[in-house]
Every structure is written in structure tokens, then in C-alpha cells.
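Subject: Structure for you to look at

Hello,

Here is the structure I said I would pass on. Please open it first, then read the notes below it.

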Amino acid sequence: MVDFGDLKRRIVHGTQRRLVNPIGRQLPVTMLETTGRKSGQPRHTAVGGRVVDNQFWMVSEHGDRSHYVLNIKANPAVRVRINGKWRTGVAHLLPDDDPVARLKELPALNSAVVRAVGSDLLTIRVDLD
């Protein structure tokens, strides 16, 4: 039997890894920098979210199966590129937060994409320094 949620996650992950993230690194889009849990090297992921009261809020479309979430679990110290400027902070995974409700408070286009391609939504808050 085919697990369509896993298939969807693998297709979206491959597209993001090979297309979205390389393009995002070159454009002034919001990027999350984590430290690779195995390599120890910086890892950049294009993300969507919003700063509210010195906190950056976002929703992971694949929950704790996202590589950047696994990296956050290993080391929550992150950087976020917002409007072309890097800010440091500490990321917190919020499994008890309602990610669908949270998406209503975040940028509409990104939220629509996350809802469409997501398989296991997870709210993340970065407390910015």
C-alpha cells in the first residue's frame, strides 16, 4: 500500500532541495540557517513567516520530518535572514500550537503553499536576539 503522505513529503522535499532553496539563496527571500546535525555545517532553507514582538513565527510543512526541524532539535541556535539582514535567535518547536490557525496570521501566499503541500504541520517560533 502506498503512503501518500510520505510520497507527497518526498516529492515536495526534493523540489525544495533542488529548486526552491538554491533560488532562494540568490534572492532576498527569508532564509533559515540551521547547523547540520551530522555535518556541523550551515544549512539554508527558504521559509515564510513573520516577525511579531521580536519573535519570528513560521510553520514547517512536514513537521519533525523536515531536515531543518531535525537540525533544530539537535541545536536550536539559528539565524534568520529577514529583509536581507541576518538575525540570530533560538528556535522552539511548538507541537501544542495550532498550525492551521497560526498560518492565518502569517503571509497569505506562503501560508497557502504550506497548507497545499504540507503533510504534518508544526509551528516554530524563533526568539530573536
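Lys73 is partly exposed, with a relative accessible area of 48%. Its side chain meets that of Asp64 in a salt bridge, at 3.4 Å from N to O. Asp64 is partly exposed as well, at 37%. Please keep in mind that this is a predicted model.

Now the overall picture. The chain has 4 helices and 7 strands, and along the sequence they follow the pattern α-β-β-β-β-α-β-β-α-α-β. Of the 129 residues in the chain, 37% are buried. The accessible surface is about 7500 Å², and carbon and sulfur atoms account for 54% of that. If you take the contacts between residues at least 6 apart in sequence, 67% of them join residues at least 24 apart.

Next, the inside. In soluble globular proteins, nonpolar side chains tend to be buried together. Which residues touch the most other members of the largest nonpolar core here? They are Leu32, Phe56, Ile124 and Val126, out of 15 residues in that core. Strand S4 (55–60), helix H2 (67–74), strand S5 (77–82) and strand S7 (122–128) each supply at least two of the core residues. The largest share, 4 residues, comes from S7.

The structure holds 5 salt bridges, one of which is the Asp64 and Lys73 pair already mentioned. Another joins Asp127 to Arg125, with the closest N and O atoms 2.8 Å apart. The cut-off for buried is under 20%.

Glu105 and Arg102 form a salt bridge too, with the closest N and O atoms 3.1 Å apart. Glu105 is partly exposed at 46%, whereas Arg102 is buried at 14%. Salt bridges that share partners join Asp97, Arg102 and Glu105 into one network.

Regards

Definitions and conventions. Residues numbered from 1 in each chain as written. Predicted model: local features only at pLDDT ≥ 70, side-chain atom pairs only at ≥ 80, totals over all residues. Heavy atoms only, no water. Core = buried A, V, L, I, M, F, W, Y, C linked by side-chain atoms within 4.5 Å. Buried < 20%, exposed > 50% of the residue type's maximum accessible area, 1.4 Å probe, protein only. Contact = heavy atoms within 4.5 Å. Areas by Shrake-Rupley, 256 points an atom, 1.4 Å probe, with all protein chains shown as cover. Salt bridge = Lys/Arg side-chain N within 4 Å of Asp/Glu carboxyl O.
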